[in-house]
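Welcome, and please take a moment to look over the sequence and the model. The paragraphs below will walk you through them step by step.

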Number of protein chains: 2
Amino acid sequence: VTAPFLAVDWGTTNRRVFLIEDGKVVRTERDDHGVTAVAKGGFEQEVAGIRARFGDLSMLLAGMVGANIGWRVAPYVPAPAGIDELVAGLLRIDDRTAIVPGISSVENGRADIMRGEETQFFGALAAGLAPPDALLAQPGTHCKWAEIQNGRVMHFVTAMTGELFSLLRKHGLLAAQLGAEVTLGDAFRAGLVEGRKRDLAASLFGIRASFMLGQRDDADAASYASGLLIGSDVAARMAETSHEIVHVLADPALGGLYVAAIEANGRSARLVDSHSAFVAGIIAIGEMM
Amino acid sequence: VTAPFLAVDWGTTNRRVFLIEDGKVVRTERDDHGVTAVAKGGFEQEVAGIRARFGDLSMLLAGMVGANIGWRVAPYVPAPAGIDELVAGLLRIDDRTAIVPGISSVENGRADIMRGEETQFFGALAAGLAPPDALLAQPGTHCKWAEIQNGRVMHFVTAMTGELFSLLRKHGLLAAQLGAEVTLGDAFRAGLVEGRKRDLAASLFGIRASFMLGQRDDADAASYASGLLIGSDVAARMAETSHEIVHVLADPALGGLYVAAIEANGRSARLVDSHSAFVAGIIAIGEMM
């Protein structure tokens, strides 16, 4: 596709549409029509609506729109996988509409999946935002870590770091202590140090005990807990890899926390804008269709 | 106290009263009048009610009744602590009513607390159910691990293993998969192996991915998750201790899971009945008052 086309990053709760002309985004729109907000059978109408607003063009969709809770299932492409395999695995809805598949992995008895992040990872590589041999991270509710060789996803691991933080913040013993905003300061860094022990269930109880014994200003508990969870994720990943540099695809706030955690583990990190990566990825896939 | 007395194990949600004569339990009663079920200012009346039913005797109380959510605060005794320090730290309400204090610890910047378990630990030692140099574990919502030297609690660690399991079972991505009962079988043991990686956030996501890829019978997911959480707690503790034997204070069901986890980590384990330990502990404290 070198002609103008529409790219849709269609996640669980949000959706972003890009009109792409000459390899550049000329118009974009973000809304909360994530796949869970679309009624069963409502996707055709949503897609028609996008074309009505943006132009009657070819469309390439990525993310949860291709999952069992989405429009139609685009089966996972097994790792190791490069962009070629991804393009070969496109689910073609009709001759001008396709869904990018996710990637799956089963290694040493442990299964993993990604759907949506693959487009950003290949985009970061295609745009030269990360080298063809790299360790890429995409922090979030479910943080994805992908080991890239020759531009191909060889291994990847998802850690539900963000989800654990959110569960602890909303429910259970620590919830009352974890309401504050997370900031990148001393408490977060102390959490990173504790996180290196990789002893999460015990380290988390320490937050309660510190409160009961008056050992830490409770306003810092959320930052400490975030440092603990991120630090423990990062420490586990760094133990598995020899990469000296990690490329982190994220917004500056969350990305900054991961950069600090990676540096606290003796490696260096570079922030990559995840929206630019997505656009580069979907353009690269579009050009290969 | 060699005369008959009343011992009360008064926890957050449950309460158990023991009438003790000649060093033996002659009558016991369990109800759901845990401290959270007692209105502020209602403890005097509850205690009077116990004496009306069991006899107008001296009373020794242990557990959350001495916490800030209980009757009156019995301040923590700092570790290292033996039964002598515990007795010296008794909170005397009047000349025949006292609350056993908990134990606190602050070591290398990590705080910890216990309240109630100390009575069971010292009871296990007093009754010869565990030797004076031992590693004791009390599994539960918050699993307590205590390193004992010469009958004194030197160090202890609490891991919120049971609480994490309960949070994951009720909320979030994995909740729908974790409804089944936990059994001590192959799935639990596979979880133990994964748990040894001490990479909880990533291992937990594997449960979701295994389901999506059809890699594990989903009826086994709860047992696998339990093995993962318990295995990761046990692996962390075993890395810190050289004890070859762990004494596990628990009922046979939960205790059996911990025994299996300890054995999977190359150590051996002995189950100690936690009710007997509590009774022995409260009698030992009563005799020293």
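**A guided walk through the two chains**

Start with A:Asp22, which sits in the loop between strand S2 (15-21) and strand S3 of chain A; helices (H or I, at least four residues) and strands (E, at least two) are DSSP runs, numbered from the N terminus. A:Asp22 is not a glycine, yet it has a positive phi of about 50°. Most residues other than glycine have a negative phi, and most peptide bonds are trans.

Before going further, a word on what you are looking at. This is a predicted model, in which local features need pLDDT of at least 70 and side-chain atom pairs count only at pLDDT 80 or more, while totals for chains, interfaces and linings use all residues. Residues are numbered from 1 along each chain as its sequence is written, chains are lettered from A and ligands numbered from 1 in the order in which they are written, and side-chain values use heavy atoms, with hydrogens and water left out. Chain A has an average pLDDT (the predictor's confidence in each residue, from 0 to 100) of 96, and 100% of the residues score at least 70. For the model, ipTM is 0.95 and pTM is 0.94.

In chain A, the bond joining A:Ala79 and A:Pro80 is cis, with omega about 0°. A:Pro80 belongs to the loop between strand S5 (77-78) and helix H2 (83-88) of chain A. In chain B, a cis peptide bond runs from B:Ala79 to B:Pro80, with omega near -5°, and B:Pro80 lies in the loop between strand S5 (77-78) and helix H2 (83-88) of chain B.

Now for the salt bridges, each a side-chain nitrogen of Lys or Arg within 4 Å of a carboxyl oxygen of Asp or Glu. There are 20 of them over all chains. One pairs A:Arg53 with A:Glu29, whose closest N and O atoms are 3.1 Å apart. A:Arg53 is in helix H1 (residues 43-54) of chain A and A:Glu29 in strand S3 (residues 24-31) of chain A, so this pair ties together parts that are 24 residues apart in sequence.

How do the two chains meet? In all, 43 residues of chain B are in contact (heavy atoms within 4.5 Å) with 43 residues of chain A. The size of an interface is often given as the accessible area lost when the parts come together. Here chain B and chain A bury about 3,500 Å² between them, with 69% of it on carbon and sulfur atoms; buried area is the accessible area (1.4 Å probe) that two parts lose on being put together, summed over both. B:Met160, B:Phe205 and B:Leu213 supply 16% of the area that chain B buries against chain A, more than any other three residues.

The rule finds two salt bridges across this interface. A:Asp199 and B:Arg237 meet in a salt bridge through their side chains (2.3 Å, N to O). Among the elements that give two or more residues to the side of chain B that touches chain A are strand S12 (152-159), helix H4 (161-170), helix H6 (200-212) and helix H7 (221-240) of chain B. Helix H6 of chain B gives the most, with ten residues.

Finally, step back to see how the copies are arranged. The same surface serves both copies, as 100% of the contact residues of chain B recur in chain A.
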